[in-house]
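User: I'm new to this one. Can you walk me through it?
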Amino acid sequence: MTMTFDFSGKNVFVVGGTSGINYGIAQGFARWGAKLMVASRKQDKVDEAVAGLKELGAQTGGTAFDVRDYAAVEAGFEETAKFFGGPIDILVSGAAGNVPGRLMDLSPNAVKAMVEIDLMGTFHVMRACYAHLAKPGASVINISAPQAFNAMSHQSPVCAAKAGVDMVTKSLALEWGPEGIRVNSISPGPIDGTEGMARLAPTPQIREAVTKSVPTKRMGTTDDIAKAAGFLSSDAADYVSGVVLPVDGGWGVSGASVVMTHAAGFMDKLKGG
Ligand code: COA
Ligand code: NAP
């Protein structure tokens with residue numbers, strides 16, 4: 001990554017920061033000098049991420065909790081506050097789950113899992129973080145998705161949950177703005193090498209169709225998203241709040257719905273549906 005920011009002396013907590021896009025964001029802040037905490041459900045993933053971030057030279061801690069369990073989230077923030085010994089300057093909330101499928105092929109419990117992780121999990125993280133945020137000065141970033149504004153077949157729970165996440169972002173920008181807290185979302189496009197894309201574009205043919213459908217003709221990288229998180233948390237974005245920032249090569253304005261609906265139909269055929 002060539003872009004550089006200076007986040008030395010800043011405390012950054014990335015929830016869901018142990019793999020994929022969110023881990024890429026944590027790596028960005030590690031390179032830019034921040035002190036870090038990461039969290040997700042699985043202790044082994046937390047340990048691996050902490051070790052990787054320490055290799056980048058960052059003072060890093062980790063904690064395991066499920067964002068669906070409010071008491072556990074609150075306890076995770078207490079642990080984080082102790083590790084930092086001061087307020088959280090930058091909070092990234094990106095835990096999510098995706099099981100692609102037509103509504104009638106998904107069990108009620110699968111739908112519940114997605115809505116509870118993506119939407120209720122965001123509410124839980126937002127509610128638990130508030131007491132620990134730097135006031136004024138904190139930057140809060142929720143990780144959204146194109147499903148929030150591009151309806152997609154086989155994605156109804158994620159579409160509904162991420163649309164909800166964007167409204168949480170905007171509502172909290174109103175509620176917390178007077179205290180000097182900025183709240184924004186990033187909506188990543190299709191990001192290469194991630195679990196999300198492995199689930200949504202599982203074959204070379206679907207990958208190619210998705211890549212061609214992006215106006216800039218490439219999938220994104222986790223670095224692309226880290227740079228946007230760095231920008232939104234920097235002084236350059238001092239007056240930016242309540243924004244949902246697509247970082248997607250123009251995918252969201254170019255028919256992401258159509259290609260993903262074709263891709264989902266193709267996956268059904270592969271499964272014999
Ligand atoms: N196809 C159909 N249904 C599935 C499924 C799949 N591939 N994977 C899980 N489910 C169903 C389960 O059968 C269960 O429903 P049931 O109780 O009616 O059988 C329900 O989803 C919950 O599954 P469970 O494994 O108990 O959930 P969990 O809470 O441990 O995990 C998930 C949550 C399902 C979202 C899981 O996929 C996950 O951990 N995702 C994180 C990684 C990810 O999705 N990354 C991409 C981010 S965009
Ligand atoms: P990922 O690697 O699976 O990341 C998800 C993270 O959330 C992991 O650290 C996971 O770790 C954690 N997590 C999942 N369920 C959790 C729970 N219940 N409680 C706490 N932590 C939980 O997937 P990704 O594809 O990089 O996606 C990251 C984010 O980007 C998500 O918000 C996703 O919606 C968004 N996004 C992705 C894409 C893409 O192209 N991949 C595009 C648009 C938006 P554990 O398993 O240890 O819990």
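Analyst: Let's begin with the core. The largest nonpolar core has 30 residues, and Ile-25, Phe-29, Leu-36 and Ile-186 touch the most other members. Such a core is a set of buried Ala, Val, Leu, Ile, Met, Phe, Trp, Tyr and Cys residues joined through side-chain atoms within 4.5 Å; buried means under 20% relative accessible area (1.4 Å probe, protein chains only).

User: Which helix gives the most to this core?
Analyst: H1, with 6 residues.

User: What does Leu-36 touch?
Analyst: Leaving out residues up to four places away in sequence, its contacts include Val-12, Phe-29, Leu-53 and Phe-84. Contact means heavy atoms within 4.5 Å.

User: Where do these values come from?
Analyst: This is a predicted model: local features need pLDDT of at least 70, side-chain atom pairs count only at pLDDT 80 or more, and totals for chains, interfaces and linings use all residues. Residues are numbered from 1 along each chain as its sequence is written, chains are lettered from A and ligands numbered from 1 in the order in which they are written, and side-chain values use heavy atoms, with hydrogens and water left out.

User: Switching to ligand 1. Which residues come nearest?
Analyst: Arg-68, Asn-98, Ser-107, Asn-109 and Arg-199, out of 13 around ligand 1. A residue counts as near if one of its heavy atoms lies within 4 Å.

User: How do the shell residues divide?
Analyst: Into 4 nonpolar, 5 polar and 4 charged.

User: What lies 2.9 Å from a ligand oxygen?
Analyst: A polar side-chain atom of Arg-41 does. A polar backbone atom of Asn-98 is also 2.9 Å from an oxygen atom of ligand 1.

How values were computed: Polar contact = N/O pair within 3.5 Å; in protein donor to acceptor, adjacent residues only side chain to side chain. Nonpolar A, V, L, I, M, F, W, Y, C, P; charged D, E, K, R; others polar. Buried < 20%, exposed > 50% of the residue type's maximum accessible area, 1.4 Å probe, protein only. Helix = DSSP H or I, 4+ residues; strand = E, 2+ residues; numbered from the N terminus.
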